[in-house]
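Open the model in your viewer and keep the sequence panel beside it. Each stop below names what to select and what to look for.

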Amino acid sequence: MTDASPLSKPVLVASLPDDGLNLKLAPDAAARAALAKDFGIPGIPSLTALVILTPGRGGTVRVTGHVDAVVTQTCVVTLEDFDTRVSEDIDLTFAPAEKLPEIRPGAEIDVSELDLPDPIIDGTIDAGAVAAEFLALGLDPYPRKPDALFEGPAEPGPEEASPFAALAKLRGSAGGDAD
């Protein structure tokens, strides 16, 4: 069993040309369905990605590109499925794991000044997994159909606004006075 992304497209870093590698990804319906299942959404009708891997100094690799998709999500208001577009730019840097600084548990890190590269694992970068990650980042966590209107409960009248109104109703439904 593997934890690979349904879009898995491993690229051996040592085989990258000096001027970089452009990959165009257009997964088939089965891969899109598996990815939608991984994301917990009803479907992904279309998905294309351009992933550009460019070698840098010290064994680093810059990964740029773009993901375009139409995804089917469930509206949080109406609970109806609807299609929406996702368009995300890709921009990451990878470096060999041994060149990344060691971060010890409990050590303080100023993340505002620190933009660590992702590790290159076993000499490869999974360009498909990168595209899938950026697609996931582009999903709306609270999707809402464009025409969906939320209507909350009616405002209570003055006699119902009192915290004692509920008690009065209970007392009235008990069938008599407690005198």
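Select T48 and show what surrounds it. Setting aside neighbours within four places in sequence, T48 is in contact with L25, A26, H66, V67 and D68. Keep in mind that this model is predicted. T48 itself is found in strand β3. Now pick H66, which sits 18 residues from T48 along the chain. Their C-alpha atoms are separated by 8.5 Å.

Is T48 buried, exposed or partly exposed? T48 is partly exposed, because its relative accessible area is 44%, and that value falls between the 20% and 50% cut-offs.

Next, colour the strands. Five of them form an open sheet in the order β2-β3-β4-β5-β6, with mixed pairing. Go to the edges: β2 and β6 (118-120) each pair on one side only. From one strand to the next, the twist averages 25°.

Zoom in on β4 and β5. They pair in the antiparallel sense, over 14 bridges. Select V71 and look across to β5: the bridge partner there is T84.

Which residue caps its N-terminal end? Select D126: one of its side-chain oxygens lies 3.1 Å from the backbone nitrogen of G128.

Colour the buried residues of α2. They are A127, G128, V130, A131, A132, F134 and L135. In an α-helix there are 3.6 residues a turn, so residues three or four places apart point the same way.

Last, go inside. The largest nonpolar core has 32 residues. Select L53, V61, V63 and L135, which have the most contacts inside this core. Two or more core residues come from each of β2 (21-25), α1 (29-39), β3 (43-55), β4 (61-74), β5 (81-96) and α2 (127-138). The largest share, 6 residues, comes from α2. In soluble globular proteins, nonpolar side chains tend to be buried together.

Finish on V63. What is V63 in contact with, leaving aside neighbours within four places in sequence? The list is V51, I52, L53, I90, D91, L92, F94, I125 and V130. Among them, V130 is one of the buried residues of α2.

Definitions and conventions: Residues are numbered from 1 along each chain as its sequence is written. This is a predicted model: local features need pLDDT of at least 70, side-chain atom pairs count only at pLDDT 80 or more; totals for chains, interfaces and linings use all residues. Side-chain values use heavy atoms; hydrogens and water are left out. A nonpolar core is a set of buried Ala, Val, Leu, Ile, Met, Phe, Trp, Tyr and Cys residues joined through side-chain atoms within 4.5 Å. Buried means under 20% relative accessible area, exposed over 50%, partly exposed in between (1.4 Å probe, protein chains only). Helices (H or I, at least four residues) and strands (E, at least two) are DSSP runs, numbered from the N terminus. Contact means heavy atoms within 4.5 Å. A polar contact is a pair of N or O atoms within 3.5 Å; within protein, one must be able to donate a hydrogen and the other to accept it, and residues adjacent in sequence count only if both atoms are side-chain atoms. Two strands pair if DSSP finds at least two bridges between them. Axes are lines fitted to C-alpha atoms, for helices over the stretch in contact, and angles run from 0 to 180 degrees between N-to-C directions.
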